[in-house]
Amino acid sequence: MTVETPKPVEQLERVVIRFAGDSGDGMQLTGDRFTQETAVFGNDLSTLPSFPAEIRAPAGTIPGVSSFQLHFASRDILTPGDHPHVLVAMNPAALRANVADLRPGATIIVDTHDFTARNLAKAGYDANPLDDGSLDDFTVHAIDLTGIAVAATSEFGLSRKDAARSKNMLALGLLSWMYGRPVEGTLSHLASKFAGRPSVRDANIAALRAGWNFGETTEAFAVRYEVEPAAAAPGRYRNVTGNTALSYGILAAGDRSGLPVFLGAYPITPASDVLHELSRHKGLGVTTFQAEDEIAGIGAALGAAYAGVLGVTITSGPGIALKSEAIGLAVMLELPLVVVDVQRGGPSTGLPTKTEQADLLQAMYGRNGEAPLPIVAPRSPGDCFDAALEAARIAITYRTPVMLLSDGYLANGSEPWRIPEIAALPRIEPAFATGPNRRVVEKDGSLSDVFWPYLRDESTLARPWAPPGVAGLEHRIGGIEKAGHAENGTGDISYDPANHDRMVRLRQAKVDAVAESVAGVEVDDPSGRARLLMVGWGSTYGPIGAGVRRVRDLGHDVAQVHLRHLNPFPTNLGEVLRRYDKVLVPEMNLGQLSLLLRAKYLVDAQPLTSVRGMPFGAEEMERLILDALADLGERPHRSTTLAHVRRLDLQEAGK
Amino acid sequence: MSTTGLPFPGLRSGVELVPTTDQPQTGKDFTSDQEVRWCPGCGDYAVLKAVQGFLPDLGLRRENIVFVSGIGCSSRFPYYLDTYGMHSIHGRAPSIATGIATAREDLSVWVVTGDGDALSIGGNHLIHALRRNVNMTILLFNNRIYGLTKGQYSPTSETGKITKSTPMGSLDHPFNPVSLALGAEATFVARTIDSDRKHLTTVLSAAAAHRGTSLVEIYQNCPIFNDGAFDAIKDNDTKADAIIPLVHGEPIVFGNGAKGLVRDSETGGVKIVAVADVGDDAILVHDAHNPDPTTAFAISRLTDAGYLNQSPIGIFRQVERPTYDDQAREQVRVARGSAPGLQAVVDGGGDVWTVDS
Ligand code: SF4
């Protein structure tokens with residue numbers, strides 16, 4: 001026996017790891033646990049889970065591969081990373097589906113257990129890639145992870161199949177050792193998750209430990225890596241996914257407005273987790289209603305809003321299509337309602353588990369008649385909290401449905417999140433009507449005080465919110481055109497042409513007035529010399545920001561604006577756009593925001609489009625920006641780019 | 001000011017959760033200032049008058065009553081009542097009412113709908129409201145025609161109906177709303193007639209008193225597009241043979257006592273016999289409280305699917321089952337007892353770290 005010496009430790013600035021395996025291999029859990037460990041360690045991070053739409057696609061096939069990518073660093077980062085430095089592949093299909101994303105020099109950890117002729121064929125391999133030289137550019141660790149897991153858990157009396165299932169914890173243990181991750185959180189997670197099944201709990205813990213020890217003792221792993229914690233603003237932090245943060249934002253809106261929350265929803269990917277999360281918080285006065293369909297989901301939420309609570313409905317693009325008529329009714333009734341669209345690839349069923357931003361125009365215009373509503377969008381998983389709160393603020397203050405446009409990438413992705421102090425958040429004032437608001441002259445000449453349900457606030461143009469239960473405020477509202485202005489706020493049916501013209505313009509003016517309550521866009525242009533402006537919305541914030549940073553690192557000037565409010569736009573947006581020689585709008589659609597910007601401001605905003613169901617990559621964004629700078633005559637770019645990319649590769653490969 | 005700060009009364013369970021008033025009320029109190037705009041002779045007028053006349057009997061505070069409607073002639077109903085009201089979109093009123101009833105136990109919630117609204121475009125919402133048993137009363141005005149869109153056949157029109165959209169006769173088999181509701185295991189199902197104010201009022205009283213979803217089908221004449229659809233059950237010469245009256249605890253007899261219902265051992269259903277042939281004791285006694293809806297369903301099948309020459313009228317079924325909204329509120333109440341506050345929820349269970357300045 002040799003005397004063990006501690007293995008050398010190498011410092012890295014950032015690492016991208018991808019766990020890949022069969023849908024049944026527990027890769028999402030593995031990635032999630034590694035993420036939690038990394039978050040607690042104090043690195044900045046960004047994640048990208050990717051899973052098939054099928055619950056269990058055929059085992060061992062490429063369509064059945066599920067993966068989880070994690071980017072962590074000792075500085076703040078914006079994307080889940082373009083190219084994994086480490087790929088953990090639990091079977092041949094996982095290797096084949098992911099190896100193309102690796103750069104030479106990357107590390108591959110392979111579970112050899114499933115590299116049988118049959119499984120290789122299922123994955124489409126003619127020859128075993130582990131010995132045909134095709135992986136020569138990479139550092140390959142071919143290990144029988146399953147075999148080790150089975151051996152490590154033999155004492156717990158599990159079936160062979162159950163024992164083999166602990167291989168994901170073995171892989172997690174090994175990676176945790178490699179990057180010095182604290183595993184205490186995972187140990188307590190396993191303890192509580194399998195509290196009712198002690199043998200499974202103990203086997204998973206044993207596998208995790210075995211993975212750690214395997215790294216420490218095996219010569220194949222010569223070094224450990226260290227990624228220092230990232231600097232962050234003081235505060236308490238946790239990791240959060242977009243859907244969780246969005247749910248918390250809705251809860252916070254209920255808290256800050258003093259209104260019980262009522263969620264009406266029909267399950268749909270990738271929005272269902274909001275329904276699940278809110279269903280767990282009935283103790284906070286939340287009512288969740290799983291409706292018979294999308295229409296009933298919004299119908300019940302609208303009914304609840306009429307009754308005086310915070311009505312919320314959540315869905316994805318196909319659900320918005322079904323809810324459109326009811327959203328139009330909400331526009332007409334002028335009641336507060338938060339409509340959440342967690343966008344996914346479309347049209348029709350499209351790509352349920354992939355991301356896209358192609359519902360912006362549906363949100364803007366997807367209703368009959370002139371039916372404007374405010375639209376807000378979060379920019380990162382943690383930002384879903386603030387965006388949900390903002391949507392509720394606008395809805396309650398302006399008595400209007402508000403569309404909150406998240407997407408699948410934000411919904412399932414996660415990042416460290418500074419936990420807000422709820423009591424310190426601004427209050428939202430429901431300001432219910434409590435009595436008559438208008439003195440009228442009756443037919444007999446006498447004066448009486450009456451309630452006009454459509455008598456508007458002069459600055460917000462919002463109408464009173466008068467839930468049933470208050471004597472003297474009885475009133476009828478409906479989807480038919482009505483008199484609802486300063487001279488006649490009765491809400492009575494009116495087919496008068498001039499009244500309709502006035503009402504259409506009033507509803508538009510009310511939505512436009514929201515801009516008065518919103519700060520102007522902040523322009524990120526540190527040098528003040530940029531001629532190129534990058535404009536984005538939603539989840540493209542990370543990739544655009546990462547691309548902008550890379551280009552600035554090369555010495556170029558480029559400005560960035562990111563929109564929280566898509567309707568109405570902030571009041572200074574037109575002026576900002578006109579300041580720049582070139583305006584580029586990267587979007588995961590075919591140019592929907594750029595269309596709106598061009599139409600509204602007559603600026604030559606150019607779309608940069610991508611609809612692959614995946615977010616833009618940072619490197620891709622860098623190239624797009626450099627190309628645009630070249631068009632403006634800013635040089636040098638091409639040669640620099642290549643050198644720069646090569647430099648980053650070396651850095652990424654840890655050389 | 002929050003919802004709880006509004007002058008809403010205390011929230012506890014039971015039929016009496018809607019606050020009452022000591023002030024005497026009349027039908028006039030429930031009449032809004034809007035001009036009623038149905039066609040002359042429309043059956044809707046009679047129902048409106050009956051409802052305005054009957055609401056004061058409930059003794060509820062007017063501000064705690066909400067009428068929600070969909071789209072169609074009858075869906076103008078809320079505008080004519082001086083209560084809270086919403087005229088919504090086609091077929092969706094039960095879903096909107098579900099939200100209202102679940103959010104507020106102190107409201108008496110009513111849905112006004114028609115055969116097209118409830119059974120065609122809104123069929124899904126109707127059956128789900130019925131199975132959930134949300135505390136609301138649904139008035140289904142069945143005129144067996146589309147009125148507002150000017151006379152197309154409806155899902156309750158008899159097969160072969162000649163209309164503008166079916167010049168060679170309609171092809172679809174009609175729904176029987178009562179059978180449909182019983183199939184969805186509705187807890188309160190009744191049928192009445194627009195022109196029989198006394199019966200209508202009795203049924204409405206029972207429906208309002210019932211905790212859960214009450215479905216009341218009201219045969220309503222549309223003199224413009226389907227005049228005379230219910231003549232056989234309204235005409236003094238024919239109605240004794242056309243109406244099969246259902247009264248809980250009473251033998252089911254009609255035709256001036258000559259005809260009655262007995263169980264049919266061949267089909268497992270019920271059939272019409274001459275009372276003289278079987279004797280009084282053999283006649284089926286109506287049991288609206290039977291937890292099993294089978295017999296009620298069998299009785300509902302005696303409704304003519306074609307021209308209406310025969311129809312059972314009255315309360316088919318009236319049983320108790322916990323309501324969706326009461327239980328939803330109960331879950332919230334129970335959860336509140338042990339709940340951590342919002343800050344604790346947002347803090348999360350573990351995996352929290354602190355960055356010091
Ligand atoms: S069309 Fe028929 S149902 Fe409609 S208002 Fe006229 S008479 Fe009544």
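Okay, let's start with contacts: in chain A, of the contacts with a separation of 6 or more, 75% are between residues 24 or more positions apart. Keep in mind that this is a predicted model.

So what is chain A built from? Its secondary structure comes to 21 helices and 24 strands. Along its principal axes, the C-alpha trace spans about 110 × 65 × 45 Å. And 62% of the residues of chain A count as buried.

Now, charges. Chain A carries 63 positive and 77 negative side chains, and the centres of those two sets lie 1 Å apart. Side chains of opposite charge can pair when their charged atoms come close. Over all chains, the search finds 43 salt bridges.

Let me show you a couple. A:Arg18 and A:Asp101 meet in a salt bridge, 2.7 Å from N to O. A:Arg18 sits in strand S2 and A:Asp101 in the loop between helix H2 and strand S6, so this pair ties together parts that are 83 residues apart in sequence. Buried or exposed, what is A:Arg18? A:Arg18 counts as buried, at 7% relative accessibility, while A:Asp101 is partly exposed at 30%.

Next one: A:Lys323 with A:Glu294, where the closest N and O atoms are 3.0 Å apart. Here helix H12 holds A:Lys323 and helix H11 holds A:Glu294, 29 residues apart. A:Lys323 is buried, with a relative accessible area of 0%, and A:Glu294 is buried too, at 5%.

Last stop, chain B: B:Glu105, B:Arg211, B:Asp325, B:Asp326 and B:Arg329 are linked in a network of salt bridges.

Terms used:
Residues are numbered from 1 along each chain as its sequence is written. Chains are lettered from A and ligands numbered from 1 in the order in which they are written. This is a predicted model: local features need pLDDT of at least 70, side-chain atom pairs count only at pLDDT 80 or more; totals for chains, interfaces and linings use all residues. Side-chain values use heavy atoms; hydrogens and water are left out. Helices (H or I, at least four residues) and strands (E, at least two) are DSSP runs, numbered from the N terminus. Buried means under 20% relative accessible area, exposed over 50%, partly exposed in between (1.4 Å probe, protein chains only). Contact means heavy atoms within 4.5 Å. Lys and Arg count as positive and Asp and Glu as negative; His and the chain ends are not counted. The place of a charge is taken as NZ of Lys, CZ of Arg, CG of Asp or CD of Glu. A salt bridge is a side-chain nitrogen of Lys or Arg within 4 Å of a carboxyl oxygen of Asp or Glu.
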